[in-house]
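Hi everyone, thanks for coming.

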Amino acid sequence: MSASPSAAPSADQLLVLLEVARTGRFTTAAQSLGLTHTTVSRNIAALEAALGGRLLLRGSDGWALTPLGERAARAAEGVAAALERLTDGEGLADPVTGVVRMTTTDGFAALIAAPAVATLREEHPHLTVEIVTLTRRAVQHRSGVDIEVVVGTPQVNRGRSLRLGEYELGLYASRDYLARHGAPDSAAAAAAHGLVYFVDSMLQVDDLDLPRRLLPGMRDALTSTNVFVHVEATRAGAGLGILPCFVADRHPDLVRLLPAEVRDRLPYHAVVAPESWRRPAVAALLAELRRQMAAQRDALLGLGRLS
């Protein structure tokens with residue numbers, strides 16, 4: 001049961017809550033606002049007393065908003081927007097501003113997100129995007145993150161999921177490797193070669209199980225959590241690599257093998273936190289990510305080069 005509200009909440013308290021919600025950390029919010037950790041804690045406690053309930057819950061990766069906290073954060077967004085209009089002139093402020101934090105895979109970050117951010121910043125120079133790369137399923141209560149771009153179709157109970165497009169995985173080898181070892185003429189023959197792919201014990205995305213489904217028995221040659229390590233290891237001749245076509249086909253020394261037999265198409269989805277959907281900067285980034293996916297569709301689907 002919630003406690004009875006006390007004094008009315010202040011604008012400063014709401015802005016502190018908004019920054020904690022965006023960063024997931026009291027310490028990071030304090031640094032961003034030029035305050036001490038104690039001052040942030042005191043403001044949150046005062047706001048909870050004023051509203052009569054808990055605003056934040058501690059999770060494994062930081063603080064997340066409660067339902068009451070989400071309502072307070074929406075009010076805080078209005079306060080922040082009003083202050084921006086006051087500073088920049090009524091109606092003249094660029095709403096696509098501030099920091100957007102996202103997580104995504106290495107390949108998507110480098111070849112889709114990076115050009116998307118560069119394009120947006122030409123028109124919105126006050127926008128900052130922080131990208132953390134990892135390959136894992138969506139986390140429903142990850143704090144301090146506005147957008148999670150994941151492989152596969154996430155099960156979303158909190159927040160919203162938006163399909164961005166899809167990409168294709170294929171089997172590749174370097175031309176030098178094939179000159180030394182020959183090209184396999186079937187999936188069964190490919191299984192006799194070493195595999196370059198993800199560390200199986202650390203792979204959290206079930207959709208990335210192509211080797212287990214199509215190349216059973218293939219032994220690991222080199223494994224890594226980073227797709228660019230996969231690419232360079234395959235180019236160096238460590239074995240046959242299962243690679244995203246839009247990454248591998250940029251290298252003329254890599255040859256795609258058995259495209260009709262060893263292939264998989266996987267979707268990219270963006271999972272957006274409830275408190276982030278209403279931010280113009282988040283909406284603008286999502287739109288540009290979708291535009292980049294559409295512009296690079298042939299490369300993503302491996303249609304540019306199959307041999």
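Let's start with Arg263 and Glu168, which form a salt bridge with their closest N and O atoms 3.0 Å apart. By salt bridge I mean a side-chain nitrogen of Lys or Arg within 4 Å of a carboxyl oxygen of Asp or Glu. Arg263 sits in strand 11 (residues 263-272) and Glu168 in strand 6 (residues 160-174), so this pair ties together parts that are 95 residues apart in sequence. Helices (H or I, at least four residues) and strands (E, at least two) are DSSP runs, numbered from the N terminus.

Glu168 is buried, at 1% relative accessibility, while Arg263 is partly exposed at 36%. Buried means under 20% relative accessible area, exposed over 50%, and partly exposed in between, using a 1.4 Å probe and protein chains only. These two also belong to a salt-bridge network that links Glu168, Arg256, Arg263 and Arg265.

Quick caveats: this is a predicted model, where local features need pLDDT of at least 70, side-chain atom pairs count only at pLDDT 80 or more, and totals for chains, interfaces and linings use all residues. Residues are numbered from 1 along each chain as its sequence is written, and side-chain values use heavy atoms, with hydrogens and water left out.

Now, what about helix 11 (residues 280-295)? Arg291 and Glu288 both lie there, 3 residues apart, about one turn of the helix. They form a salt bridge too, at 2.9 Å between the closest N and O atoms. Here Glu288 is buried at 9% and Arg291 partly exposed at 41%.

And how many salt bridges does the rule give? The count is 14.
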